[in-house]
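Here's a quick briefing to read alongside the coordinates. Take a look at the fold first, then work through the points below.

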Amino acid sequence: MKKIFEFIKTNKLFVIIVFLLLVILFLLRSFINEPPEAIDSNIKILFPADISNINGEFLKSNHSVLINLLQERETSSDNLISSGQSIKMQSLMFYCAIISGLVYLIFIWNGKMRKKIIFITLIVIPLFYIVDIHQQDLLQRKMTTRSITSNSINQLANPYNDTIYVLNDNMSEQYNNATKLPERWIRKAYKSIFSPDLLQFVYFILPWFSLLIFRKTLKKTEETK
């Protein structure tokens, strides 16, 4: 705690700038509306058919065929989600290995070489953070798609549902909208700045600010010598 107060005392301008930046971000977060998700979770893919005088056997057959089809899609979505999570975890492990190596070099080297390694690390962390945000966005699309499919299956499985449905699959349109510019960059920028999750804060944001403070402290120490 004493070292923290000493750092604040000797780096007042830096602390003020960081504080003002946090205030600005908080104000922006209050006034800027969160952009819509890549895939609208409220869309419907089942629509009542304009058919009258349908007997019970046809109704049962209709629901059975649609449930089987949607269950296949649900299984495919589960596989894609599992694959996406695995890729995201592998990227995080690769990031941790690189950062651990750079931090090790920071503590064993001195002088200009240490400054270069710190500078490189301050660039590497945001680059991997951007990659993680992108992977999280892709994963969220798959999870939303699975949720839509699961809700449709539950709708068909309702024993009191006596409606004939047709499958009007507009998910391709949703995925096309998810890749449009500049919407996708706005969505990812908002998530990276205003709504990082806990893991992203621990693995990316906190280490970056910690290293920035260490760099500032190191520079101040060299100036006093």
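Predicted model: local features only at pLDDT ≥ 70, side-chain atom pairs only at ≥ 80, totals over all residues.

**Fold at a glance**

Going along the sequence, the elements of the protein run α-α-β-α-α-β-α-α-α.

**Burial and surface**

- The protein has 225 residues, and 29% of them are buried.

**Contacts along the chain**

- Take the contacts between residues at least 6 apart in sequence: 89% of them link residues at least 24 apart.

**Nonpolar cores**

- As background, nonpolar side chains in soluble globular proteins tend to be buried together.
- The largest nonpolar core here has 18 residues, and the members touching the most other members are Y95, I99, I118 and F204.
- Three helices, α3 (56-108), α4 (111-157) and α7 (198-224), each put at least two residues into this core.
- The largest share belongs to α4, which brings 8 residues.
- Who does I118 touch once its neighbours within four places in sequence are left aside? The list is I106, L211, F214, R215 and L218.
- There's also a second, separate core of 14 residues, with I45, I148, I153 and L156 among them.

Terms used. Residues numbered from 1 in each chain as written. Heavy atoms only, no water. Helix = DSSP H or I, 4+ residues; strand = E, 2+ residues; numbered from the N terminus. Buried < 20%, exposed > 50% of the residue type's maximum accessible area, 1.4 Å probe, protein only. Contact = heavy atoms within 4.5 Å. Core = buried A, V, L, I, M, F, W, Y, C linked by side-chain atoms within 4.5 Å.
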